Amino acid sequence: MYVIIAPIQIKDGHRDAFIEAMLDDAKGSMKNEPGCLRFDVIQDSGDPNRIWLYEVYVDEAAFEAHRQAPHFIKWRNTVEDWRDEGPKGAGLGSYNIWPSDSDWK
């Protein structure tokens with residue numbers, strides 16, 4: 001499995017629009033990408049403008065396919081100026097240790 005855990009800091013005044021666009025990407029990933037097994041959008045408990053993404057793909061190629069998907073490109077272009085920091089480019093992923101790939105549900 002290929003796992004993404006990414007913090008995103010949303011600029012003041014853009015949270016609601018950012019979340020709406022983010023949920024479109026997350027739902028599109030789960031609905032239209034067979035290689036995407038999980039896509040969670042998580043609210044930081046200490047900062048309403050900070051969210052965390054937790055994404056699980058069958059492999060790195062599935063994540064790269066995600067980055068080419070129309071819903072991802074739309075999200076990326078829409079929110080580009082609405083974040084102070086967040087995932088930018090490759091090198092974000094990790095590989096799970098447990099559960100093993102064969103035990104993952």
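Analyst: Two residues are in contact when they have heavy atoms within 4.5 Å. This is a predicted model, in which local features need pLDDT of at least 70 and side-chain atom pairs count only at pLDDT 80 or more, while totals for chains, interfaces and linings use all residues. Residues are numbered from 1 along each chain as its sequence is written, and side-chain values use heavy atoms, with hydrogens and water left out.

User: Which residues is Trp75 in contact with, leaving aside its neighbours within four places in sequence?

Analyst: With those neighbours set aside, Trp75 contacts Ile8, Phe18, Ala21, Met22, Asp25 and Arg83.

User: Which members of the largest nonpolar core touch the most other members?

Analyst: A nonpolar core is a set of buried Ala, Val, Leu, Ile, Met, Phe, Trp, Tyr and Cys residues joined through side-chain atoms within 4.5 Å. Buried means under 20% relative accessible area, exposed over 50%, and partly exposed in between (1.4 Å probe, protein chains only). Here the largest core has 21 residues, and Phe18, Met22, Ile51, Tyr57 and Trp75 touch the most other members. At least two residues of this core come from each of strand 1, helix 1, strand 2, strand 3, helix 2 and helix 3.

User: How many residues does helix 1 have, and which of them are buried?

Analyst: Helices (H or I, at least four residues) and strands (E, at least two) are DSSP runs, numbered from the N terminus. Helix 1 (residues 15-32) has 18 residues. From first C-alpha to last it reaches 25 Å, close to the 26 Å expected at 1.5 Å a residue; the expected span is 1.5 Å times one less than the number of residues. An α-helix has 3.6 residues a turn, so residues three or four places apart point the same way. In helix 1, Phe18, Ile19, Ala21, Met22, Asp25, Ala26, Gly28 and Ser29 are buried. Their cover includes strand 1 (2-10), helix 2 (60-66), helix 3 (70-79) and strand 4 (83-85), along with strand 2 and strand 3.

User: How many salt bridges does a search of the whole structure find?

Analyst: A salt bridge is a side-chain nitrogen of Lys or Arg within 4 Å of a carboxyl oxygen of Asp or Glu. The search finds 3. In the pair Arg38 and Asp40, the closest N and O atoms are 2.8 Å apart; Arg38 is partly exposed at 37%, and Asp40 is partly exposed at 21%. Arg67 pairs with Glu64 at 3.4 Å, and Asp16 with Arg15 at 3.7 Å. Asp16 is exposed at 61%, whereas Arg15 is partly exposed at 27%.

User: Where is Gly46 found, and is Gly46 buried or exposed?

Analyst: Gly46 sits in the loop between strand 2 (36-43) and strand 3 (50-57). Gly46 is exposed, with a relative accessible area of 66%.
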